[in-house]
Each structure stands twice: as C-alpha cells, then as structure tokens.
Amino acid sequence: MSSSPLIDRRHLDFMLYELLRVDSLTGYARYAEHSRETFDAAIELAHQLAVSKFLPHNRKSDLHEPHMVDGKVELIPEIGEGLRAFNEAGFMAVLADYDDGGMQLPFVIGAVCDCMFSAANPSTVAYPALARGAANLLEAYGDEQQKRLYMKPIVDGRYYGTMCLSEPQAGSSLADIKTVAEPQADGSYRLSGAKMWISAGDHELGENIVHLVLAKIPGGPAGVRGISLFIVPRWRVDDDGVRTQRNDVRLAGLNHKMGQRGSVNTFLKFGEAGDCYGYLVGEPHQGLSYMFHMMNEERIGVGLGAVQQGSMAYLYSLQYARERHQGRHPDQKDPSSAPVALIEHADVRRMLLQQKCWVEGAQALGFYTALLVDQGRDPDETVRNESHLLLDLLTPIIKAWGSDYSLKANELAIQILGGYGYTREYPVEQCYRDNRINPIHEGTNGIQALDLLGRKAMMHNGAALKLLLREIGLTCADAGSLSELSALAAQLQAGAKLAGETTLAVGRRMAAGEVRLALANAGHYMTLLGHLTIAWLWLRQAAIAQRALAGANAADTAFYLGKLQACRFFFATELPQIELAARLVGEAEPSAYEMRAEWF
C-alpha cells in the first residue's frame, strides 16, 4: 500500500493485525464475507479520497469559514465536492447493512477509515460523522416509518443529521433545558425553544437535515428524567418521503471558532412561528438514554479525531526534524563543522518520543475501544457482556485522555518547528487550533472525569474496573515471562493494585456521604486510570515487539525497537505520575473543594 502523509501505515498494520487481530472478526456471521483484504481495501480507498478530496481544502476552509447570506449558510464549494466523493464511495454507509446499501464493515474498520478523513480535514468530516451517528441512533430506536423517511436517506448520502442538546442558558447542564414539545392530536409534536453549539446545524450540502432534538413534554418528570427525543427535520416530508415545506427551524446565528472553522456551528431557534413539527423517538421521557447511543459513538470519534490531529502534527514534526539542519552537539566546539539534523539533538528526540508515546498509545486505546463495539456482537454472552462493560469504562478515557494528551503532543510539534511552527505557513499551528475543541465538546473532559469516577468505575460493584484490572494482570503475567520486560510488568502490576485500592477508598468515602469531596479530584482519577490503561496497551505492544524481533527484517527490527523504546520511556516518565494522582484522589486532597469563590 502507498505511503501516507496522514498516518504511519506500518504502525496502523501493527495496531490492527498484530495487537488487536481485527481480522478475527471475519469469524462473526455479520462480517463473514469480509477478509483482511477487504478491510485493507476500504482503508486504502479512504486514504486515497482523504488525500485527494479532503486534504487539499483543509487550509482553505480554515481561511474561508462559513458565513450567512440571506439567512443561508455558504461554504466553500470544495466541501460539497469532497462529501459527494465520500458518499459516492459508500463511506456514509460504511457500517450499514448490505440490505440498506451499506458496506457492513466492522465498527473498528469504519473508525480507521474515519481516521483518514479526520487527519486530512477534521472540519469536513464532521458533517458525515454527525449524520452517520444520527442514522445509527434511528436504526436502534426509531420506528419503521422513521427509519424509512429519515434514516435511509442519511445512509444513502442524501440527508445529513445533527444532535441538538445544549441551550444558551444551560450548556452541558441538560437538566436545565427549556425546549418544550407540545403533543398534537395527530401524534406529532410542536417544539419551541433554542439550541446552541449545533455543529452542521444549517447548510445546503444535502436535501434535508434531520435534527435530533432533546426537549421536555409538559407534565413530565423534572430534570433529566423528563427529557424526550424528537426528530425535527429542516424540511417536512410526506409519507412517500417527498419534501414538502420548510419546517419552523430558523438559523439565528453562527459561532465563530478558534479551529475546525470549515464545519459550521450554529444557534438554532425552533418554533418561533409556532409551527415546528417534531416526531417522538421511542418512548416519552427516555430521550437522554437514547441520545447517549449517539453521544458515546461520537465520544469515541472525538477521541480518535483528536489523536489524528496529534498524529498529523507528530509525523510532520518528525519529518521536519529529519530534514532541518540546525546547531551542533554541546561537545562540538568547531563552529565550521556542519550543522546536524534537529533529530540528532537529545531534547528534540525527547519531544518526538513524548509525542510518539502519547499519540500511539491513545491510538491503541481508540482502536481497542472501537473493537469492543464489534465484540458486543459476539455469539458468546459472556464476551458480549464483558465487552459492553469495558466499553462503558473506556469511552470517557479515550475521549478525555486522548484529547488532552494529543493536544499536548500538538504543543511539542510546534516547539520542534520553533518559530516556523507558530506561523500559518506550516500546518502544525492549525492542528493545534483544530484540536483544541476536542477536550470541550461531547461533554467536557471534566464531565468525563466525573462520569469515570462517579459512575463507570463504581457501576455494578466495580465490575468494569475489575475486568480492566484482570486484563492488565494477564498482560503483566505474559510480559513478565520475558526477561527484557519483567521489570516493566512488575511496575504495571503495582500500578493496577494502586488503582484498585484508590477506587475502593473513594467508594467508601462516597458511601459515607462525602460525594462532593470524593469527586473533587476526579480529574486526577482520569490521570490515574488513563495513564494505567495506556501503559497496559504499551506493554502489550512491547511484548509483541520483543517476540517478533528474532525473525524480523531490518526495517521491522527498527520498527519493533522503536516500540520497545517508547514503552520504556512511557514507563519511566509517565507511569510514575499515577502515584501522585492516586494520593490526591485516595486522600481526597481538599484544597480545591474548600476554596471559596470570594477568595479568588
């Protein structure tokens, strides 16, 4: 396969086929017609389209962001051209059933394909990513008519979709939303309210936009228990799917962003004229649980999308460091000697190795998390249940840890390029700006940390965390049998024990009623469990690399030695941070909790 400016293909093959062995998914009935060859063909097609149709306008869409003309959104034409190619190649339907015109590929392969587009142009890929998420939600919870009228046209690439949660006054606090849905005699609803931060909320890219809107039915329970989910199309359609008249959904404004400027972000008003038609999805007051189907899918996508921006900048700074000659070694006193390549300087190597550890570790977690979605279809009930538990636990980690540390990797890429990295003539500054939204949207990373500690680690008496610690223990036993890795295995096993003990301490504190204090250091718990999980995946990679060295050719030898060195570096410089995090969490360090607003 061709070399790629978007991803290290040798690393990708290692992830998919040596670490995760995704080709084993062809043993599932759903994927029986696939093979490694069809997986690779889909990935290569995605790469080609990303390079030819998405990458060329990445900078242009950043410089020429969406704007309103006569109440409509105007985008640069290359966005529409890229999406037409995307749809014609079948990528909107990459996960859909054969019967619906889809590729019926595993979720993990679809995620890898999406990574190609995310690396090339995170703004343009946002439109189909949201639409596919809406289609998947409707596939899970919509009735047959809703699937026919709204899901199928998305899969066909004719319609797009959004998720409308936040409101100007509520932000992430969905319990405080005020959008109302009044029931009508014909079974439809009339919605009134406003939604803020709606990505892809208005454009002319398709025939229709299917807004999935959270609203409250009058008389329902208070707070999040009273939230219902509605289909609110931009254009109404009749029973035959023919577009009729414009629905009462108005574009009230655009949000002008730091990065990802090519994806329009909107302020929408519903029902200002009292004529906004909406259609209930599923049962009343169950909307938030339905929306989590889309939100969790998007959180995996956000994490992997963030990692791809980290990876793009890392690969660029690596290439730059190889080619740029500047300075001499500290013990080279002769000023007439030739400058050395940047990569020869120890501190530059440190920054490159740091990026590699963060980015490739997070990629491993993202692809592993995506694989768990597929393993949720396993015929073995135990495998299915364990996959769901691990997926619940790891989703906030890939979203939060992946976006936090990929952003840190972007900073190092800029640093390696020096002054050039700070200019728009080089791509790493845009990678940073485009990436900065990822710790915020789909639930801020603070919310992810609260969810991880307050819910996911504690649910079902800690069942998910126990599973993760079991898997870590198995890897430690395997790697511990290799003399070269035995010390690292012992270090990771000690870290796993520390994580378990810390979580128990928090659980006891919460049971005693000290919930706020116990959760005040949730961000440090994300560091604890995130670093532990990434270290686990690095040790798994190292064990594979160590065993493969004996029969490796020269190129693979260098690749595997790079994996081993990155693992050692992570264990030496990153994993020890969990000890401080565990102490802060386990002892409920109270400084932030006890700080008063008037003291600032």
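Which residues does Leu469 touch, not counting residues up to four places away in sequence? I started my notebook with that one. The model is predicted, so everything below is read from computed positions.

**Entry 1: Leu469**

I looked up where Leu469 sits and found it in helix α13, which covers residues 459–480. Leaving out residues up to four places away in sequence, Leu469 touches Ala496, Gly500 and Leu532. Then I checked a residue from another part of the chain, Val340. Leu469 and Val340 are 129 residues apart along the chain, and their C-alpha atoms are separated by 45 Å.

**Entry 2: Lys456**

Next I went to Lys456, which lies in helix α12 (residues 445–456). Is Lys456 buried or exposed? It comes out at 7% relative accessibility. The cut-off for buried is under 20%, so Lys456 counts as buried.

I wanted to know what surrounds this lysine. With neighbours within four places in sequence set aside, Lys456 is in contact with Asp392, Leu393, Pro396, Asp451 and Ala464. I looked again at Asp451: its side chain is joined to that of Lys456 by a polar contact of 2.9 Å. For a distance check I picked Ala554. Lys456 and Ala554 are 98 residues apart in sequence, and C-alpha to C-alpha they are 44 Å apart in space.

**Entry 3: aromatic rings**

I searched the whole structure for aromatic pairs and got 18. One of them is Phe86 with Phe91, a tilted pair with 5.8 Å centre to centre and 40° between the planes. Both Phe86 and Phe91 are buried. These two also belong to one aromatic cluster, together with Phe54 and Phe117.

Why is the pair of Tyr150 and Tyr279 stacked? Their ring centres are 6.4 Å apart and their planes are at 25°. The limits are 6.5 Å between centres for a pair and under 30 degrees between planes for stacked, so this pair is stacked.

I then checked where the two tyrosines come from. Tyr150 is in helix α7 (residues 144–155) and Tyr279 is in strand β12 (residues 277–280), so the pair ties together parts that are 129 residues apart in sequence. Tyr150 counts as buried at 4% relative accessibility. Tyr279, at 23%, counts as partly exposed.

**Entry 4: charges over rings**

While on rings, I looked for charges sitting over them. Arg36 lies over the face of Tyr17, at 3.8 Å from the ring centre. I also noted Tyr277: the charged end of Arg190 sits over its ring, 3.5 Å from the centre.

**Entry 5: helix α9**

How many residues of α9 are buried? I got 23 of its 30, so this helix is largely enclosed by the rest of the structure. Helix α9 (residues 346–375) should span 44 Å at 1.5 Å a residue, and its end C-alpha atoms are 42 Å apart, which agrees.

**Entry 6: the nonpolar core**

I looked up the largest nonpolar core, and it has 192 residues. Helix α10 (residues 381–417) gives the most to this core, with 16 residues. The residues with the most contacts inside the core are Leu212, Met291, Leu529 and Leu539.

I followed up on Leu212. Leaving aside neighbours within four places in sequence, its contacts include Ala134, Leu137, Leu138, Phe230 and Ile231. Met291 is also among the contacts of Leu212.

**Entry 7: positive phi angles**

Last, I looked at backbone angles. Gln260 is not a glycine, yet it has a positive phi of about 45°. Gln260 lies in the loop between β10 (249–254) and β11 (265–270), and it is buried with a relative accessible area of 10%. Its contacts, leaving aside neighbours within four places in sequence, are Pro122, Ser123, Asp434, Ile437 and Asn438.

Where does Ala588 lie? I found Ala588 in the loop between α18 (577–586) and α19 (591–594). Its phi is near 50°, a positive value in a residue other than glycine. Ala588 is buried, with a relative accessible area of 4%.

Key
Residues numbered from 1 in each chain as written. Predicted model: local features only at pLDDT ≥ 70, side-chain atom pairs only at ≥ 80, totals over all residues. Heavy atoms only, no water. Phe/Tyr/Trp six-rings, centres within 6.5 Å; stacked < 30°, edge-to-face > 60°. Buried < 20%, exposed > 50% of the residue type's maximum accessible area, 1.4 Å probe, protein only. Helix = DSSP H or I, 4+ residues; strand = E, 2+ residues; numbered from the N terminus. Lys NZ or Arg CZ within 6 Å of the ring centre and 35° of its normal. Expected span 1.5 Å × (residues − 1). Core = buried A, V, L, I, M, F, W, Y, C linked by side-chain atoms within 4.5 Å. Contact = heavy atoms within 4.5 Å. Polar contact = N/O pair within 3.5 Å; in protein donor to acceptor, adjacent residues only side chain to side chain.
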